[in-house]
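My notes follow in the order in which I went through it.

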Amino acid sequence: EAVHELKVKIYTKEKSSDPWKEKGGAGTFKVCRLSAEQAGTKASKPRVLLTTGTLNTVRLNAALHAGAKPAVAKNNVMMTLMVRPEPKQAETREAQAKADAEAESEPPVARLFLAKTKNAAAAEALAKVIKACVPKDG
């Protein structure tokens, strides 16, 4: 169930000292959960998705965890999410399959994300929905 959808641009960085890098261009940011009855619990499996283009290519698919605390500044929402490391780019199909498998076996890592919205009201609304969906049960 999509709880909230909004057009945004997503930026990310690995360390706080790194510069912001755009992640996949502008797209539709969705906050999703399995059911309203389980809102605010791990059982609701809350996630954030960023899809782009007419084919809705998924650029970000991250689970919301208890430590995800969105912060609002002007028309931006910033938060730390746990994501799988991105696979290294390889020259051949076989090498890319191996790189993809290696990245998939890695544990999730913390990344800082910034969602840039059209205005401050949209950023406040997005942060409010994310806070409501974050699991409270650890």
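**Entry 1**

With which residue does R111 form a salt bridge? I found that R111 forms a salt bridge with E14, and the closest N and O atoms are 3.9 Å apart. My criterion for a salt bridge is a side-chain nitrogen of Lys or Arg within 4 Å of a carboxyl oxygen of Asp or Glu.

A reminder to myself: this is a predicted model, where local features need pLDDT of at least 70, side-chain atom pairs count only at pLDDT 80 or more, and totals for chains, interfaces and linings use all residues. Residues are numbered from 1 along each chain as its sequence is written, and side-chain values use heavy atoms, with hydrogens and water left out.

Back to the pair: R111 is in strand β7 (residues 109-116) and E14 is in the loop between β1 (2-13) and β2 (21-32), 97 residues apart.

I then looked up accessibility, with buried meaning under 20% relative accessible area, exposed over 50%, and partly exposed in between (1.4 Å probe, protein chains only). R111 counts as buried because its relative accessibility is 18%. E14 has 48%, so E14 counts as partly exposed.

**Entry 2: the other salt bridge**

The count comes to 2 salt bridges by this rule. R84 forms one with E104, again with 3.9 Å between the closest N and O atoms. R84 is in the loop between β6 (76-83) and α1 (93-105), while E104 is in helix α1, 20 residues apart. R84 counts as partly exposed at 42% relative accessibility, and E104 is exposed with 54%.

**Entry 3: strand partners**

I counted a pair of strands if DSSP finds at least two bridges between them. β7 pairs with β1 in the antiparallel sense over 5 bridges, and β7 pairs with β6 in the antiparallel sense over 8 bridges. R111 turned up again here, as the bridge partner of L81. K13 has L112 in β7 as its bridge partner.

**Entry 4: the core**

Which residues touch the most other members of the largest nonpolar core? They are F29, V31, L60 and L81, out of 25 residues. Such a core is a set of buried Ala, Val, Leu, Ile, Met, Phe, Trp, Tyr and Cys residues joined through side-chain atoms within 4.5 Å. The elements giving two or more residues to this core include β3 (47-52), β4 (57-63) and α2 (120-133). The most comes from α2, with 7 residues.

Beyond its neighbours within four places in sequence, L60 is in contact with residues including F29, V48, L81 and F113.

**Entry 5: the whole chain**

I noted 2 helices and 7 strands, in the order β-β-β-β-β-β-α-β-α. Along its principal axes the C-alpha trace spans about 45 × 35 × 30 Å. Buried residues make up 38% of the 138 residues. Among contacts between residues at least 6 apart in sequence, 56% join residues at least 24 apart.

How values were computed
Helix = DSSP H or I, 4+ residues; strand = E, 2+ residues; numbered from the N terminus. Contact = heavy atoms within 4.5 Å.
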